[in-house]
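Please look over the sequence and the model shown here before reading the report that follows.

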Amino acid sequence: MSTPIFLHLDGNSFYCSCERLFRPELRGKPVVVLSNNDGCIVALTKEAKAVGLKRGMPLFKVKDIVEANKVAVLSSNYELYNSISGRMQRTVAGMIPRMESYSIDEVFGDLTGVEDEDPARLTALAQSIRQRVYKWVGIPTCAGIAPTKTLAKLCDHFAKTYPVFNGVVNWLELTPERQRKAMAITPIKEIWGIGSRNRERLEAMGVKTVLDFARMDASLIRRRFTVVLERTHREILGVSCIPLEDHPQPRQQIVRTRSFDVTCSDMDAILAAVSVHMAEAVNVLRKQGCAAKTVGVMFHTDPFKANGRYHAVVEYRPLPHACADVITLTRAAHDLVRAFFKEGYGYKKAGVMLADLVPAEHSLVPTTLFDTDEIEVLKRRERIQASIEALNEKFGGKVVTLASAKCSAEWAMRREYLSPCPTTKWDDLLKAN
Ligand SMILES: [Mg+2]
């Protein structure tokens with residue numbers, strides 16, 4: 001197997017950058033964002049760092065610095081940050097084959113096989129991602145490229161720390177000498193996955209820089225620490241141990257996806273695929289005794305197809321009420337497909353996600369005085385769902401489905417509902433006795 005290549009990209013002073021988007025007068029000025037209840041500084045710009053402020057400082061202790069330097073102080077606005085985060089991550093997702101949303105302002109990407117793995121072209125790709133994110137979303141970012149996630153994140157840190165790199169550090173482009181130098185001037189606290197306890201223990205052993213850590217004996221780390229730290233050590237040495245996790249955020253969710261045999265460029269085919277997947281996902285949901293509060297869809301073109309344009313969609317939408325009926329959930333998923341489908345792409349894979357699952361008995365309870373009509377509709381659909389299940393149970397399989405599952409021959413012909421082909425496939429040949 002070939003060595004993977006990872007991208008790490010994150011927003012510079014993300015919360016502050018979000019605030020600056022809508023308050024341009026704050027550009028170039030010191031800005032801090034406070035934790036809930038305005039207690040401590042949780043984010044700050046480089047201008048705020050320059051006047052002596054640090055993350056974690058309680059506001060009341062630094063009032064003087066803030067006033068003397070006219071630092072703009074803002075409460076955290078997670079609704080804003082979440083929405084900007086979504087825009088930023090969707091923009092990145094549209095430019096790379098596989099992406100993991102790691103935190104509100106960070107993503108990992110898989111660049112294996114991209115741009116012929118030519119280091120200079122990968123750096124150029126990272127630059128164009130940064131430019132597009134800045135142009136489309138308005139958030140400045142930095143990026144790192146490396147054969148492991150831990151090194152990619154470290155490279156991103158180098159890119160942030162040393163402006164000479166112009167926002168992107170590509171490990172594959174650094175000479176071994178420069179790699180060593182970068183490691184030698186970087187404290188171990190910058191390594192992803194080294195927590196404060198391990199850091200203190202390592203420092204007590206004289207391991208202060210990334211280079212010190214890289215030069216440690218692996219068996220010593222295993223004996224004195226944990227396999228987790230040993231894994232981090234291997235990652236720093238360039239051996240990839242932490243794979244990309246590209247199943248979208250919420251852990252507690254049901255995911256149904258499948259690749260198409262051939263690419264589909266027809267929206268009806270995607271809608272049909274989503275219907276089929278949703279019917280399966282709803283079965284799992286109901287077996288778990290759950291209802292879903294969020295619906296998601298994903299579909300993308302073939303990432304490995306040479307010189308094909310790449311388009312990927314991973315979108316979630318919260319529902320007004322948690323529910324577990326196939327009609328409501330399929331409609332919500334179809335709305336997402338219609339909103340994000342683009343003409344002219346050959347899609348290779350599609351799927352659905354059900355997230356924010358709650359026990360079914362907590363659903364269909366009015367939460368405000370005005371919900372009762374919507375709840376009545378949902379209750380009616382729940383009865384339809386029960387009838388569908390009863391018929392399928394009685395006659396076996398999927399005798400009753402939504403019509404949209406059949407609305408595209410393109411999809412229905414070669415997926416799930418494809419019947420055997422005894423006249424054209426040897427394997428499907430009818431057998432007597
Ligand atoms: Mg950041």
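## The largest pocket

On a 1 Å grid over the protein atoms alone, a cavity is a set of points where a 1.4 Å probe fits but cannot get out, whereas a pocket is an open set with protein on both sides within 12 Å along at least five of seven lines, and lining residues are those with an atom within 4 Å of a point. Grid points are joined across faces, edges and corners, and a volume is the space filled by probe spheres set on the points. The model is predicted, and for that reason local features need pLDDT of at least 70 and side-chain atom pairs count only at pLDDT 80 or more, while totals for chains, interfaces and linings use all residues. Residues are numbered from 1 along each chain as its sequence is written, and side-chain values use heavy atoms, with hydrogens and water left out.

The largest pocket has a volume of about 1,700 Å³, and of the 48 residues that line it, N12, S13, K49, R55 and K160 are the closest to its centre. Helices (H or I, at least four residues) and strands (E, at least two) are DSSP runs, numbered from the N terminus; among the elements that each supply at least two residues of this lining are β1, α1 (14–22), β3, α2 (46–50) and α5 (119–136). The largest share, six residues, comes from α6. By residue class the lining divides into 17 nonpolar, 14 polar and 17 charged residues, where Ala, Val, Leu, Ile, Met, Phe, Trp, Tyr, Cys and Pro count as nonpolar, Asp, Glu, Lys and Arg as charged, and the others, Gly among them, as polar.

## The magnesium site

The magnesium ion is coordinated by D10 (OD), G11 (O) and D105 (OD), at 2.2 to 2.5 Å. Donors are N, O and S atoms within 2.8 Å of the metal (3.2 Å for Na, K and Ca), and because water is not among the atoms, sites may look incomplete. Along the chain the donors follow the spacing D-G-x93-D. Distant parts of the chain are linked by the pair G11, in strand β1 (residues 6–11), and D105, in the loop between β5 (98–103) and β6 (106–110), which are 94 residues apart. Both G11 and D105 are buried, a term that means under 20% relative accessible area, with exposed meaning over 50% and partly exposed lying in between (1.4 Å probe, protein chains only).

Two strands pair if DSSP finds at least two bridges between them. With strand β4 (residues 72–75), β2 pairs in the parallel sense over four bridges, and V32 stands opposite V73 there. With strand β3 (residues 41–44), β2 runs antiparallel and is joined by three bridges, in which A43 is the bridge partner of V33.

## The four-stranded open sheet

An open sheet of four strands has the order β9-β12-β10-β11, with antiparallel pairing. Its edge strands, β9 (253–264) and β11 (312–323), each pair on one side only. Neighbouring strands of this sheet are turned by 15 degrees against each other on average, direction ignored, the axes being lines fitted to C-alpha atoms (for helices over the stretch in contact), with angles that run from 0 to 180 degrees between N-to-C directions.

Eight bridges join β9 to the antiparallel strand β12 (residues 347–359), and I254 has L354 as its bridge partner in β12. Strand β10 (residues 290–301) is mostly covered, since 11 of its 12 residues are buried. β10 is joined to β12 by 11 bridges in an antiparallel arrangement, with P359 as the partner of C290, and β10 pairs with β11 in the antiparallel sense over eight bridges, where G296 stands opposite Y316.

## Individual residues

Most residues other than glycine have a negative phi, and most peptide bonds are trans. E117, which is not a glycine, has a positive phi of about 60 degrees; E117 is found in the loop between β6 and α5 and is partly exposed, with a relative accessible area of 29%. D356 also has a positive phi, near 50 degrees, but lies in strand β12, and its relative accessible area of 37% makes D356 partly exposed.

D212 has its place in helix α9 (residues 210–214) and is partly exposed, with a relative accessible area of 28%. The C-alpha atoms of D212 and M183, 29 residues apart along the chain, are separated by 8.3 Å.
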